[in-house]
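Hello,

Here is the structure I promised to pass on. Please open it first, then read my notes below.

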Amino acid sequence: MRGSEGRQPEFEQPNWTADTVINARQVHLSGSRGSPAQELPPPADGPGFRTSLARLLLRKLTSTLHEMYWLDDALVDLSVTVEDVDGRPVTRRRRPWSPRRGDHAIRPLSDVLARPETDLILLQGEAGAGKSVALRQHARSLLEQIAEGRDTTAPLPFYVNLRELRVGPDEINTALLRQYILEQTSPHGSADVAAYFAHYFMDDLRHQRVTLLLDSFDEVPAVYGSATIDEAVSPYVQTVIELVGGGGRCVVAAREYKGPRAAGWSRLQLLGLSSRQQEDFLLRLRLDTSHLALVRPLLTDPRRGFTTVLRNPLHLRLLASYVQARNALPDRPSRLFAEYAALRLREALPTPGARAGSAEPSAALRGQLEGFLAGFAFRLTATGEGLSVPERRFRDEVVEAAGGETASAEAMIHALYRSRILCTSEAQPSAYGRRQVFFGHRRVLEYFASRYVTERSSAVPPGELATNRQWRETAVAVLQDGSPDVARPLVEALCEQLARERARAEAAGFEWSSEAVHCLELLTTAYQGRTEWPRGAVQPLVEELVATAWDKGSISDRKFALDCLPLLPEPSRQAYIDRAFEGDSNWIRRTALRDCATLSVLTPEVQASIRRLLISRLGEPPSSAETHALDVDLQRLRTEDDLVALRRLLDRIPRLMLWSFGIGTVLASLVTVTEGWWILQLAMAMCLAPGTFWIFQSTRPLSYGHGTGLPHRILDEILSEEWETRELLGFLTWWTACLTVPGTLTAVRAISDGRISDGLPAGVCSLALAEALLWGPSVLYTVHRGGHSRKLDAKGLLLVVPRVLALADHPARAAVRALVRKFSWRAATATLLVMGLVAGSIGGASLLISFLLRLTGPVQLPQWLSTALPIALPASLTLWGLWRLCRYIVSTVTRLARANRRRRRLNQAVEQGSVGGTAFLSALFSLEGADEAADYVLRVRTARPGSQLGLDRATLRLCIASLQGRTPEGGPGIPAEDLARLTDWKEPTRLLDELGRLDEELRPR
């Protein structure tokens, strides 16, 4: 630690005012504003100082938690799982021996914050998902460790809410942000804290002795009231990056809408609670078994309209309070907030006998308070100047609402503060002029604002409510819970906007406008997970726009079209899910799978499509990163089956097929010892099992067709036509039956003659032959038909072949029934002839080999050959091993040299293209392949946001259209030969995905 212990720091200075700290190194006292005081000496930055500072921060944080009524221990201690979307940045080098993690992972949020792998973290989630609670809990845990002396070397957390950062995007800089952090950390004016910030804060931040926790980024007044989100957000993001520097650690929490797009940051996406987490949380909230049984239908039945919102901890907490108070269920989600407000106001108002002269509070007084809260929330939203106001202005509004009666106004203010629906940023009376008043939770503010708009249809015109991003949350609440008189005009205004988008798309090339994106995001947010909503007016327009985007748009347009899945009718939704899963784009597949989690119900058809996707990916080269990401998306889906376990089971089947091939080869080598033709027959069958498995795996509708892996590339050269799943399964079954007949007859005849030692091996080999050929296809067919992963345990996998054969609708049975119904001697003769030919294909070959071995008998080798064999065999093996080693060394050196040249070329392109503008495309065209170009785009996009690259979006979309095969003509700055070069690159799927992501970042918000 720097410095010495010295004197104990004095943190409490109640006479501090706004002008005490002017900047990082000049401190002015309240009594002498004009003359700067001398620079404060450095504080004693030892363990004692850190402990005292931690105690101060802990007291401030505890008082903040006390003001937020619902943030009790049950919710503060909630463990939230997160999705690490961007994963480890490409700039951080990985040790060669360390396992490669995917770019997705599901981990407890507390673990990610306690042991982060990156320095800059963006925490995102919907309202009430637990972002602020998680940051406060993390700060509280670290502060308690330091304050109690358990770990004085732990990083000192500074939790700062950005709601009152009233500095415009053209004014923000690191000095102002640091001053704001100081004011939020020490609102009472501690000279030691000011000296710490002046001398040590930046150094501690850069060396990770301090962790910044910046909450409510989307509530910064300039960001909240902005119409162009990216222009308002970017300066604040850049200021945070400059403040933290190259080694500091910072966590920024924000909603995804109006949140930052931070390139190179690890983005943590809070996931909804699973069914098990929901019930565990309700039990922690002291909900008894009868109440738990009462609320369970709301958690599972999407027709009630609660399944989506109750995956949110805040709504679940309010539901528990509602059920405990009323012993009944709410009819819609807004009732939860209405009950919360009524409960808090009833407890805040005086009760009879509480003090002399107190009167029983009437319903009229509560109604007056609720009416004021609705108007106050509406005005906060309408002004766009931030979500807090000075206390003096708040008091003036209360006096006006009370009709000028001071006594009534004071009673109302006292009740509102006691209810904790409203909170203040400063609890000291001396700072009355600077205190800010705000709602304790933004979701409560949105409830009261939407209530105001719902009750007053003329408050906001429907057109403004539909298009003005400032009213987005209010519009969502109106669509969900508003009366028909208010919701209907809003829906009509949204439909008019979508109709204009349709007309524009028909007149010109398709590209989603920012207005259409806003309207569709608003509708999706309002109606996802709901079964009842105005489909008749919305669905036809959305369906036409999605169809146009899919046929004429770029890959980023298709991606956003998939985000509209909850708004499509069932047949169209299913068709687009299948088209997305069937395509080559991994980005589009993951988007479709992730959007399936937003559907109110996963229909059997959608679940079958997801199973087809899992089976189809067996034909593609395995990737640990993609597998990790797939598991994250599968865990979002609420199904009865464990899809992650099912995916792991399917991934093991190719390895088992490889073992089957190896065992078959070993058995074939034993034929010379045993001279058993059935062993040779079994060996040949096991060698053929992998081939039949991959052919069956590529059939439809079992999967989405041929894959890109090595087995499929080999099969594509051999086979020219595709098989249907049931047709091939029936053929394999009858083929296997024909192969097992000779061995079965031999076993029966030998056992009847008393030769058990001869008959038993033949029978076992016949059964093993059937198991080897039919096991893999039977497992895939069981999964395709909806087989549960729990039933496919060791016993289930062992018995999967007889269980599939016992199915009433097995294709082999269907073939027999069809043969019986349409029996003819000609067909029977042809069938027997085919069966004989098939049986002789392997059985005849094995019998011939066995006959030749018996005919030749033992071979006597010459003396010289018998002497040379023991020497020649090890020598040949040694030479073969040396030859393979030399080949491996040469290939490794060649591969490393090629990779080194590729790395240099890629680094040079990244350095050139990071400048942006035309240099980006020039560097892109200088590369030698699509895979190399995809890595280049990824590195540039991760290092700098797309909005800062200065790219012409129309030019970028020309490149995407060329890769999609739409053969556009050359555009500005792109010669036609460069566009033609893009089409010559093989397998451009990854490059197309990366350019699509970049195009999405360039879309204005």
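Aromatic rings come first, with one definition: rings of Phe, Tyr and Trp (its six-membered ring) pair if their centres lie within 6.5 Å; planes under 30 degrees apart are stacked, those over 60 are edge-to-face, and the rest are tilted. By that rule, ring pairs join Phe 337, Phe 372, Phe 376, Phe 394, Tyr 417, Phe 439, Tyr 447 and Phe 448 into a cluster.

Before more detail, some ground rules. This is a predicted model, where local features need pLDDT of at least 70 and side-chain atom pairs count only at pLDDT 80 or more, while totals for chains, interfaces and linings use all residues. Residues are numbered from 1 along each chain as its sequence is written, and side-chain values use heavy atoms, without hydrogens and water.

**Ring pairs**

The structure holds 26 aromatic pairs. One of them is Phe 581 with Tyr 704: edge-to-face, 6.3 Å centre to centre, 70° between the planes. This pair links distant parts of the chain, 123 residues apart. Phe 581 is in helix α24 (residues 570–582). Tyr 704 is in the loop between α30 (677–697) and α31 (710–718). Helices here are DSSP runs (H or I, at least four residues), numbered from the N terminus.

Phe 581 counts as buried, at 1% relative accessibility. Tyr 704 is buried too, at 6%. Buried means under 20% relative accessible area, exposed over 50%, partly exposed in between (1.4 Å probe, protein chains only).

The rings of Phe 731 and Trp 735 have centres 6.5 Å apart and planes at 15°, so this pair is stacked. Both lie in helix α32 (residues 725–752), 4 residues apart, about one turn of the helix. Phe 731 is partly exposed at 40%. Trp 735 is buried at 14%.

**Confidence**

pLDDT is the predictor's confidence in each residue, from 0 to 100. The protein chain has a mean of 78, and 77% of its residues reach 70 or more. Among its elements, α24 has the highest mean pLDDT (93), and helix α29 (residues 671–674) the lowest (44). Where pLDDT is low, the predicted coordinates should not be read in detail.

Best wishes

Terms used. Helices (H or I, at least four residues) and strands (E, at least two) are DSSP runs, numbered from the N terminus.
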